[in-house]
Amino acid sequence: MRADPRALRFGATITTLVLALVLLTGSWWLLAAQAVVFALGVARVSPYTMLFKVLVRSAPKETEDARPPRFAQAVGLIFAVAGLVGFVTGITPLALGATAAALLAALLNAAIGLCLGCEMYLMIRRLLPAANMEVHQ
């Protein structure tokens, strides 16, 4: 499956805005909504991508493998859930730290196209074949 990189950066921009609002307002329900968006992104039905497709009807000049961005959505989901646990339990450093980490990753993707989750995916893929070879020897 292929992904439109413009849609991915659009989604990262909205995610950046949502997570910044979470940090400014302390709104756990807004973080919960973003967690749902991350989960839907993992399931290949990102609301932000759908919105992009409604707003921008031109075909992308190039596409990219959708697996790394989907993995990045899963990483974002993990951080959002950790932030929610922090908000619900009153562990403020966990709530703010996890949300800030997700915000930083989204901001890097939105601003300069650096997807940290995608890079993690690629590093893991490179390491797994070597690890599998060592196990079988």
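Asn109 counts as buried because its relative accessibility is 14%, where buried stands for under 20% relative accessible area, exposed for over 50% and partly exposed for what lies in between, with a 1.4 Å probe and protein chains only. Asn109 belongs to helix 5, residues 92-112; helices (H or I, at least four residues) and strands (E, at least two) are DSSP runs numbered from the N terminus. When its neighbours within four places in sequence are left aside, Asn109 is in contact with Leu8, Arg9, Ala12, Leu114 and Cys115, contact being heavy atoms within 4.5 Å.

This is a predicted model, in which local features need pLDDT of at least 70 and side-chain atom pairs count only at pLDDT 80 or more, whereas totals for chains, interfaces and linings use all residues. Residues are numbered from 1 along each chain as its sequence is written, and side-chain values use heavy atoms, with hydrogens and water left out.

Cys115, one of the contacts of Asn109, is joined to Cys118 by a disulfide with an S to S distance of 2.3 Å, the term covering a pair of cysteine sulfur atoms within 2.5 Å. A search of the whole structure finds one disulfide. The link of Cys115 and Cys118 is right-handed, with 70 degrees about the S-S bond, and both Cys115 and Cys118 are buried.

Side chains of opposite charge can pair when their charged atoms come close. A salt bridge is taken here as a side-chain nitrogen of Lys or Arg within 4 Å of a carboxyl oxygen of Asp or Glu, and by this rule the count comes to two salt bridges.

| Salt bridge | N to O distance |
|---|---|
| Arg6 and Asp4 | 2.8 Å |
| Arg67 and Asp65 | 2.7 Å |

Arg6 is partly exposed, with a relative accessible area of 32%, whereas Asp4 is buried at 15%. Arg67 counts as partly exposed at 40% relative accessibility, and Asp65 is partly exposed with a relative accessible area of 22%.

Helix 1 (residues 5-25) and helix 2 (residues 28-42) pack at an angle of about 155 degrees, with their axes 9 Å apart; axes are lines fitted to C-alpha atoms, for helices over the stretch in contact, and angles run from 0 to 180 degrees between N-to-C directions. Helix 1 and helix 2 are therefore roughly antiparallel to each other, a label for angles over 145 degrees. The contact is made by Thr15, Val18, Leu19, Leu21 and Val22 of helix 1 and by Leu30, Leu31, Gln34 and Phe38 of helix 2.

How values were computed: Parallel < 35°, antiparallel > 145°, perpendicular 65-115°, else oblique.
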